[in-house]
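My entries follow in the order I made them.

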Amino acid sequence: MGSLSGLSKEGFLPSVSRRIFLKASAALAAAGGALATLASPKRLFAQVPQGAQVPAFDDETFYWASDSFNCAGMNCLHKIYVKNGRITRVATDDTGDADDAYGCPQVRNCVRGKSTKFRVYDPYRVKYPLERTGPRGSGEYRRVSWDYATQKVATELRRIGKQYGPHSVLINAMTAGMSMGVNGFKGTLGMIGVVPALAGPVVMPLNDTSMGGVITDWLGVEMGTTGQGLTDFRQVAEHSNMVILVGCNQTTNTYLCNTPYRLAKMRERLRERGVKVYGIDPRFNYAFSYLVDEWIPINPQSDAALFAAMMNAQMQENLINWDYIKRFTNGWDQYQAYLLGKTDSDDPKVRRWADGIAKTPEWAERITGIPATKIHQLAIEYASKQPAALMMSLGPNRGAIGHSYYWAGITMAIATGNVGKLGNWAGIAGSLPSMSLLNTLKSAAGMMGLTVGMMTPSMAGFVGAAPGLLIRIVPAVFLGEMLLNPDKPLPFGEKAPIIRASVSVGNPVNTWPGSGKITKGLCQPRIEFSCAIDYAMTATAKISDIVLPAATSVELEDFQSLLASGSPGVAYHGGLVKPAWESKPDAEIWGLVAQKGGVGTAWQGNPSTSSVVKIAVAMERLVNPKLPSVEEMRKNPEKAVQKDHYEPLPTLTSPYTAQINHGVPFGTPSGKFEVYSETLERLHSAPSARDMWWLPNDYPGMRDMMIRIPPIPAWVDHWEGPLDPKQATYPLQTCAPASIRRSHSAWSNNVLLDDVWGPDVVWIHPEDATARGVKNGDIVQVFNDRGTVQVRAWVTNRVKKGVMALENGRWPSFAKPGGEGVDLTGSQSTLTRDCEFLGTMMPHALQFLANIVTHTGLVDVRKVADAPAFQGDPANPLNDGGVWSPTYPFAIDGVSQTPDSTLTNPESGVFVDGITWNQEKAEGKTADKNVQAYISQGQQSTKTRK
């Protein structure tokens, strides 16, 4: 069970989509795509050879750009080709060394990055200011002027703030255009300054969508905070004798640009050395196809039970490093009593967490779904084949009691002595090469310059942002509940504010769990006004009264460090393409709103983007004199990317080297790794933490579990887990992995990505499908008591029996306005519970933030219809006639805005130069043939366009 044999005949996607996928993948690989094909690891990370000649189209030029840092690739480089003011195709970084993953690597984009053209010219893009004309969620709008729209926003915010007082306005402060540099900073600064200046103190939801379940400083885990989690893959490649990947899918979540490339090189070397790699995940995910030798399917949210059972087995086999436990941990006795189930200690603190049940592999088999013999073998191998690498990902912590996953995993690493030596690993499965201080300074000086540049020309912008200091932060996971039931208290006795207006930048309906509840909350009559600023008609924009069109990051000038991408250097973003239609940068939008509201002086004095970029470049030139001026880089884009080739530091590091080998204390109250946390117990025992009577109490012990999470890394029999009696009603456990099509919800509904990857599907095991009469490709509904989503089924052995996987991030589109009815686009967040308190324990002002629980839930699946017949062109299987694409309709002045809009109405769904999506398909510019023309360095000329 669990080996790769038996999986080779099955494709990653449903039958029709597999043919589509392989054709597109092969073309991508030949063109040098960074995520070219999942079926051929040798072509998976094809690089652009140095000195390669890229075919130039007549009268075509290019500039550099990148996307948001929230994409796991961390600002990969896009080489954007332009003709007559319009993007014709998107290539990637061809500078640096194609064969060097560490010294001076290419900062390459994946298919998401290569689809940038189709994000800029999205059929669902907001082209001009809109005002709602139908019910919220109906998608019915009329076109209005910027003057009208910004005046209404300013007037309504002033009215509501005056009428209802402080904290009556909700803001979601993100960046609409996904900008990572000065534009994003100025846009966010504008929002948190202008809105409070107009309405008074406001409310902002906040949570960490990725690391909400990670406990850091109190326990000494110190994951991303001190770089413990991001070390160098080379030390694993050369020194590890065993590797365990837990929840890792680096094909989707790359953890910095070139991480998949570095992983592939690591895997190649491990195979040469005969080192076995295990993969633990409910799915046989995309990355496992080239990384692991053996897949071990596990039930969602049971990882802490697996680690506990492994440690129990290691104690029985005398493989625990008692010296490490004595020297480097605090509170091991409490955890040992829990592991052994012994209740005979004289110490009440030790006795308290022992339940009389030994956490043996047999105990864990029922919880994890992994055979006890396999758990025992894995435990012995990890402890005895040292140094071993435990490479964990951020996914498993996004669930009920999610913090226990990391806590238990790193506890096992320390307890077995698998830290502090080359070849050890105990943190995030991402890699950042070790840079010298000089290279770090060269790559970071420009970013410091951006900050200085924002302040030097004028302090007015910062003075204007002063009202933002009065913003009240609330846990985002309570957003839906807060909107629907403002009379209920928030954690720690705080009273929920009564929200009367909402201003959203980004897409909070999809950002936070409980899409249905948030949608219903924002559509209530109590919300008298709502505004959304975004580049596309997202799920949040679709329920807003005013929608303002934002420019995307690739339409703006900016400056970027390549440090986070693992490459020494910087890049100037030329922004040769003007913002399409009537879209504007975030900061400019807030300047207009401020002007209409009478507080515009401060914001108009804010330094221009161009001036800030010039100052950043000037500071960069102090440490890197070879960097050209802004004027030179504008004239010659070949000079806009500047890299230094450096040799990574020869000294490789392993997690906790400083603590284990050099006596540096852990950053905890005890100075040791906290296996038992007194701080955690004290906080959870506080009377103020008990004022949570309104939280759902749908599982035995739910209230006590929420309030009194054990201060040890114990597995808790949590709500909607593998042992919940609710399985009698909803027998399938759900998980919501990140999607290869999206970064969070960005790129949702991107027509190119839909063509390349096929539709969003629910992964369901063949036995579970047969029991429900479901065949591959059938239309099904996934449902629980929180909502219902409609999606296609992928019947596959690549998901564990009893588990349903639906990738996260698709924008929901409900059958009825206001969040009512079936979600027809398959947004997993519709099924997700929103409230999971006390998941994040951070020793600062944000300690009350809760955990995101996208991987916890019970559902069932029912068939709605047979798989639709293929309706595309047999000569071009990528043109499937729209069968795969979900609908996400909205209308302007009664004209539907969809990919099928035609030239009969030039204002409806057309690209800048009057070419519709259907025409692009007819000309062969999509996926299969489009790969060469638009995605990479292709041979097909655009001269055919008249």
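I started at a bridge: M392 has I428 of strand 14 as its bridge partner. I note that this is a predicted model, in which local features need pLDDT of at least 70, side-chain atom pairs count only at pLDDT 80 or more, and totals for chains, interfaces and linings use all residues. Residues are numbered from 1 along each chain as its sequence is written, and side-chain values use heavy atoms, with hydrogens and water left out.

**Sheet.** I then traced strand 13 (residues 388-392), which runs parallel to strand 14 and is joined to it by four bridges. Strands here are DSSP runs of E of at least two residues, helices are runs of H or I of at least four, and both are numbered from the N terminus. Two strands count as paired if DSSP finds at least two bridges between them. The open sheet has five strands in the order 11-10-9-13-14, and the pairing is parallel. Strand 11 (294-296) and strand 14 (425-428) each have a single partner strand, so one side of each lacks a neighbour in the sheet. I read an average twist of 15 degrees from one strand to the next.

Helix 15 (residues 372-384) packs on this sheet and touches strand 9 (242-246), strand 10 (277-280), strand 11 and strand 13. Its direction makes about 125 degrees with that of strand 9. Axes are lines fitted to C-alpha atoms, for helices over the stretch in contact, and angles run from 0 to 180 degrees between N-to-C directions. Contact means heavy atoms within 4.5 Å.

**Helix 12.** I listed the buried residues of helix 12 (residues 332-340): W332, Q334, Y335, A337, Y338 and L339. Buried means under 20% relative accessible area (1.4 Å probe, protein chains only). These residues pack against several elements, including helix 10 (303-316), helix 14 (361-368) and helix 16 (403-415). G341 follows helix 12 and has a positive phi, near 75 degrees.

**Helices 5 and 6.** The axes of helix 5 (residues 146-164) and helix 6 (residues 182-199) come within 7 Å and cross at roughly 55 degrees. I recorded the contact as A154, L157, R158 and G161 of helix 5 with V195, A197, L198 and A199 of helix 6.

**S302.** Last, I asked where S302 is found. S302 is in the loop between strand 11 and helix 10. S302 is buried, with a relative accessible area of 0%. Leaving out residues up to four places away in sequence, S302 touches I367, T368 and W715.

Technical notes
Buried means under 20% relative accessible area, exposed over 50%, partly exposed in between (1.4 Å probe, protein chains only).
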